[in-house]
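Colleague: Could you take me through one part of this model closely, namely its aromatic pairs, with the cut-offs behind each term?

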Amino acid sequence: MHVQEWLDTVPAAAVYAVVALVIGLESLGIPLPGEIVLVSAALMSSQHTGINPVVLGACATAGAVVGDSIGYAIGRKGGRPLLAWLGKKFPRHFSEGHVATAERSFEKWGMWAVFFGRFVALLRIFAGPLAGVLHMPYWKFLIANLLGGVCWAGGTTAVIYYVGVVAESWLKKFSYLGLVAAVLIGLASMLVIKRKAKKAQAERRETEEPEPVAAGE
């Protein structure tokens with residue numbers, strides 16, 4: 001909740017780099033609050049003349065696309081052992097159930113999973129590495145990655161900037177409202193994904209359990 005206060009202490013020109021870096025690392029597969037940082041910076045751009053919303057949206061988009069592409073390359077090279085390693089390092093994000101849910105989404109929706117995954121907090125860190133592990137053709141991944149990055153990063157920046165401009169006096173007192181909304185949306189999406197992940201994990205365990213053998217056999 002203190003992200004915006006911290007960004008206020010960073011030089012305006014450095015905010016672009018911070019946003020691009022955090023979103024890029026999140027897209028690469030490292031659990032970071034990319035959406036919160038972007039929303040905070042977009043709010044600042046509506047009140048801070050030193051931050052251009054167009055440049056901010058472009059930097060956020062570049063970070064998303066580049067980060068996802070690097071994650072794709074790492075996933076393609078590392079394969080499933082990489083997912084197992086990530087599961088040990090980040091069990092809350094890369095648990096077996098989460099991976100199973102994301103994998104089924106990719107198998108069912110393909111490119112659309114990459115595109116819409118950009119808008120779901122948990123799937124954002126999966127999209128690049130998992131697409132590489134599943135050997136999705138890179139040209140398909142790149143198209144979905146680019147469109148998703150533009151729509152998510154550019155759209156989020158534009159919406160938050162517009163809200164800040166039309167309600168500047170009100171947001172001076174309640175500048176965290178947009179940030180709280182983003183956090184609540186992110187938490188809700190994570191709860192939904194977590195519930196599906198538990199269900200997928202339970203189903204997988206049921207299918208892997210051996211059938212009991214009769215005593216006379």
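Modeller: What follows is a close look at the aromatic pairs.

The model is predicted, so local features need pLDDT of at least 70 and side-chain atom pairs count only at pLDDT 80 or more, while totals for chains, interfaces and linings use all residues. Residues are numbered from 1 along each chain as its sequence is written, and side-chain values use heavy atoms, with hydrogens and water left out.

Searching the whole structure gives seven aromatic pairs, where rings of Phe, Tyr and Trp (its six-membered ring) pair if their centres lie within 6.5 Å, planes under 30 degrees apart being stacked, over 60 edge-to-face and the rest tilted. One of them joins Tyr72 and Phe141, whose ring centres are 4.8 Å apart with planes at 25°, so this pair is stacked. Tyr72 belongs to helix H4 (residues 53-89) and Phe141 to helix H8 (residues 138-166), so that the pair links distant parts of the chain, 69 residues apart; helices here are DSSP runs (H or I, at least four residues), numbered from the N terminus. Tyr72 and Phe141 are both buried, a term that stands for under 20% relative accessible area, with exposed over 50% and partly exposed in between (1.4 Å probe, protein chains only).

An edge-to-face pair is formed by Trp112 and Phe115, at 5.9 Å centre to centre and 85° between the planes. Both residues lie in helix H6 (residues 111-117), three residues apart, which is about one turn of the helix. Trp112 is exposed at a relative accessible area of 52%, whereas Phe115, at 14%, counts as buried. Trp112 and Phe115 also belong, with Phe116 and Phe119, to one aromatic cluster.

Notes: Helices (H or I, at least four residues) and strands (E, at least two) are DSSP runs, numbered from the N terminus.
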